[in-house]
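I opened a new structure today and kept notes as I went. The entries follow in the order I looked things up.

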Amino acid sequence: MRTNFVCGNWKMNTTRASAIALAEACVVASRQTPSVRVGIAPPAIWLSDVAATIAGSSVALFAQNGHPAASGAFTGESSYAMLKEAGAIGLLVGHSERRQLFGETDAVVATKVAAARALGLEVILCVGETLEERDGGTTLQVVNRQVDAGLAEIATLDGITIAYEPVWAIGTGRNATAAQAQEVHAAIRSRLAIRFGAQAAAVVIQYGGSVKPETAASLLAESDVDGALVGGASLDSAAFGSIIAAGAL
Ligand code: PGA
């Protein structure tokens, strides 16, 4: 039996004060819905503040990005050890904004996943097709390639969550239907089973892309949809609380 996992991706939003307030609200929401795992991914600069705010709660702290090298001349970057020391227990890898805006290739994603797992950090590996790819009928091909490539350098699915985020649904207000999400989630699970066998049945596969309180329940009711990666709606504590609650239905 998989535990639903709802994670907020705050992207490059919040002030220090609003991040702390939002984190406090997430602690309350998590206490109110203990059957759902709750995570938050604030901007790196607020990780320590948010870690102090959620200390003692079951809210899991994720970074949005990091550099896989242990240290060195990488101006502007944070190493995984730094993120860990600031309180993160995991990080997002392969988010479409990183792939599209910062040139992260499948090979970079694979290196980042392996480096994170080597340090004991959890990974939320994001995959998803563009609108062009969906319209061209290559959704499953693209997603399978991203899953295979992203996990190429690891031997088990321990500490891995997959987030299926169709690029055309991110920040657009246009989410995949529950049936569209279920189709891809089931395909991802089958793909994982080829390499990882029975572990595939236990892996959490989140849906992401314009998840809102109104759409969360139907998406999360699908058998292979085990949670949500939430951008915009995670910045509104009431909306995020409703999405968490939908995971308990
Ligand atoms: P959105 O973002 O909910 O604002 O579409 C989701 C994500 O990018 O993780």
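I began at the ligand and found a polar side-chain atom of H95 at 2.6 Å from one of the ligand's oxygen atoms. I kept in mind that this is a predicted model.

I checked E165 next. An N or O atom in the E165 side chain is 2.6 Å from a ligand oxygen atom. For G171 I looked at the backbone instead. A polar backbone atom of G171 lies 2.7 Å from an oxygen atom of the ligand.

Then I listed the surroundings. The ligand has 13 residues around it, and K11, H95, E165, G171 and S210 come nearest.

I moved on to helix packing. Two packed helices are described by the angle between their axes and the distance between the axes, so I noted both for each pair.

Helix α1 covers residues 16-32 and helix α2 covers residues 47-54. I read an angle of about 30 degrees, with the axes 9 Å apart. Angles under 35 degrees count as roughly parallel, so α1 is roughly parallel to α2. I logged the crossing of α1 and α2 as right-handed.

Which residues of α1 and α2 meet? From α1 I wrote down R16, A19, I20, A23, E24 and V27; from α2, D49, V50, T53 and I54. Sorted by class, this contact has six nonpolar, one polar and three charged residues.

**Helices α5 and α7**

Next came helix α5, residues 106-118, against helix α7, residues 139-150. Their axes are 8 Å apart and the packing angle is about 45 degrees. That makes α5 oblique to α7.

On the α5 side I found D106, V109, A110 and V113 in the contact. On the α7 side I found R145, Q146, A149 and G150. The classes come to four nonpolar, two polar and two charged residues.

**Helices α7 and α8**

I stayed with α7 and turned to helix α8, residues 178-196. The axes of α7 and α8 come within 10 Å and cross at roughly 40 degrees. α7 is therefore oblique to α8. I noted a right-handed crossing here.

T139, L140, V143, N144, V147 and D148 are the α7 residues that meet α8. Their partners in α8 are E183, V184, A187, I188, R191, L192 and R195. I divided the contact of α7 with α8 into seven nonpolar, two polar and four charged residues.

Technical notes
Residues are numbered from 1 along each chain as its sequence is written. This is a predicted model: local features need pLDDT of at least 70, side-chain atom pairs count only at pLDDT 80 or more; totals for chains, interfaces and linings use all residues. Side-chain values use heavy atoms; hydrogens and water are left out. Axes are lines fitted to C-alpha atoms, for helices over the stretch in contact, and angles run from 0 to 180 degrees between N-to-C directions. Helices (H or I, at least four residues) and strands (E, at least two) are DSSP runs, numbered from the N terminus. Angles under 35 degrees count as roughly parallel, over 145 as roughly antiparallel, 65 to 115 as roughly perpendicular and the rest as oblique. Contact means heavy atoms within 4.5 Å. Ala, Val, Leu, Ile, Met, Phe, Trp, Tyr, Cys and Pro count as nonpolar, Asp, Glu, Lys and Arg as charged, and the others, Gly among them, as polar. A crossing is left-handed if the near helix is turned anticlockwise from the far one by less than a right angle, and right-handed if clockwise. A residue is near a molecule or strand if one of its heavy atoms lies within 4 Å of it. A polar contact is a pair of N or O atoms within 3.5 Å; within protein, one must be able to donate a hydrogen and the other to accept it, and residues adjacent in sequence count only if both atoms are side-chain atoms.
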